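Hello,

Here is the structure I promised to pass on to you. Please have a look at it first, and then read my notes below.

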Amino acid sequence: LQHYYYGGTYLSVIFSSLRGFTRTDEEKQRVTNMAALAYYFDDLVDSFRGRDDTGILWHDNPEEYGLAADDHRRLALHFLHNIYSSLPPAHLTAFKNTMHRVFNVETSGRQQLAVNLDDIKAVTSEKGGNSVLLFRMVHSPTPEPAEEQALLEFGCLIQYCDDIFDLWFDHQAEIATIATALADAGKIETLGAHFEQQVETTKAAFHRIQAPDYRIETALCVIHYITAITRVCIGHYLSLIQKHGALPLDNRKQMVVDMEQWGNRLRTAWWLIKG
């Protein structure tokens with residue numbers, strides 16, 4: 001839950017940088033409810049996926065899903081309704097539309113069924129992009145089309161970052177991501193190239209937003225922080241390949257990058273300065 005809250009706060013910093021003022025108390029409360037919703041919903045999906053024998057194609061119906069999944073505490077629905085009741089009427093439709101896109105991709109099983117890189121990239125883009133946009137919809141005003149497109153690209157980038165850091169965990173769980181697909185093929189340099197291409201795509205999309213340049217550059221500086229950390233992670237994987245000839249994908253101690261270690265912090269600082 002703390003992870004989701006910190007992530008939501010990080011996104012609020014970017015949104016606030018673009019619009020030129022910090023979030024309000026009401027927006028902070030919505031972000032807190034969004035973090036709790038994401039936490040309990042992800043837990044619900046993970047627990048229900050393996051025992052879902054309803055035969056129902058879940059689409060735009062999170063309330064029914066919560067009942068079928070036997071969410072006896074009703075916490076996911078509780079926080080969802082908290083957000084519904086706190087949003088201005090003008091925001092509610094946009095929020096629901098975005099929320100349904102996130103819900104549909106999470107419950108459809110497409111990530112488990114993806115068999116080639118193009119399919120995986122499509123799921124990555126849709127899942128990551130709409131997740132970021134969902135947090136944006138609890139901030140005012142609703143985004144213009146150029147900002148919405150930029151945040152979709154940024155969400156895809158964030159999903160790349162998560163998938164690269166979660167490589168060991170996703171490999172163990174047999175979850176198909178860009179990182180697991182390319183790591184299994186021993187193509188970490190290709191993974192790095194895909195990541196850097198998404199960084200450039202995101203930058204270009206942000207520069208198309210109708211906002212003062214200093215606001216856009218401030219937002220990109222905040223984004224640069226997460227890309228710097230991810231570059232450290234990619235560098236670690238490349239070092240492992242150089243050392244072992246292949247990634248030790250079943251060795252958690254070697255694979256998982258610990259950002260509490262000063263060596264990794266210093267490498268991050270180097271990337272921050274370089275950028």
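**Two helices side by side**

In the contact between helices α11 and α12, the α11 side consists of Ile188, Glu189, Gly192, Phe195, Glu196, Val199, Lys203 and Phe206, and these meet Ile216, Ala219, Leu220, Ile223, Thr227, Thr230, Arg231, Ile234, Tyr237, Leu238 and Ile241 of α12. Sorted by class, twelve residues of this contact are nonpolar, three are polar and four are charged. Please keep in mind that the model is a predicted one.

How are these two helices arranged? Two packed helices are described by the angle between their axes and the distance between the axes. Helix α11 covers residues 188-206 and helix α12 covers residues 213-244; their axes are 10 Å apart and the packing angle is about 175°. Because angles over 145 degrees count as roughly antiparallel, α11 is roughly antiparallel to α12.

One more residue of α11 deserves a mention: Gln198 is found in this helix. Its relative accessible area is 10%, so Gln198 is buried. Setting aside residues up to four places away in sequence, Gln198 touches Glu153, Cys156 and Leu157.

**The chain as a whole**

Stepping back, the protein chain has 14 helices and zero strands. It has 275 residues, and 46% of them count as buried. If you take the contacts between residues at least 6 apart in sequence, 68% join residues at least 24 apart.

Rolling a probe the size of a water molecule over the atoms shows where empty space is left. The second largest pocket holds about 240 Å³ of space. It is lined by 14 residues, and the closest to its centre are Arg136, Glu144, Glu147, Ile209 and Gln210. Which of the elements gives the largest share of the lining? That is α1, with three residues. By class, the lining of the second largest pocket has seven nonpolar, two polar and five charged residues.

**Two backbone details**

Most residues other than glycine have a negative phi, and most peptide bonds are trans. The peptide bond between Ser140 and Pro141 is cis, with an omega of about -15°. You will find Pro141 in the loop between α7 (117-136) and α8.

The other place is Glu174, which is not a glycine and yet has a positive phi of about 60°. Glu174 sits in the loop between α9 (167-173) and α10 (178-184). Is this residue buried or exposed? Glu174 is exposed, because its relative accessible area of 73% is over the 50% cut-off.

**Met255 in helix α13**

Last, please look at Met255, which lies in helix α13 (residues 252-255). With a relative accessibility of 1%, Met255 counts as buried. Which residues is Met255 in contact with, leaving aside its neighbours within four places in sequence? They are Leu167, Trp168, His236, Tyr237, Leu240, Leu247, Pro248 and Leu249. For one of these, Leu240, there is also a distance: Met255 and Leu240 are 15 residues apart in sequence, and their C-alpha atoms are 8.2 Å apart in space. Tyr237 also links back to the opening topic, as it is among the α12 residues that meet α11.

Conventions:
Residues numbered from 1 in each chain as written. Predicted model: local features only at pLDDT ≥ 70, side-chain atom pairs only at ≥ 80, totals over all residues. Heavy atoms only, no water. 1 Å grid on protein atoms, 1.4 Å probe; cavity = no way out; pocket = protein on both sides within 12 Å on 5 of 7 lines; lining within 4 Å. Points joined across faces, edges and corners; volume = space filled by probe spheres on them. Helix = DSSP H or I, 4+ residues; strand = E, 2+ residues; numbered from the N terminus. Nonpolar A, V, L, I, M, F, W, Y, C, P; charged D, E, K, R; others polar. Axes fitted to C-alpha atoms, helices over the stretch in contact; angles between N-to-C directions. Parallel < 35°, antiparallel > 145°, perpendicular 65-115°, else oblique. Contact = heavy atoms within 4.5 Å. Buried < 20%, exposed > 50% of the residue type's maximum accessible area, 1.4 Å probe, protein only.
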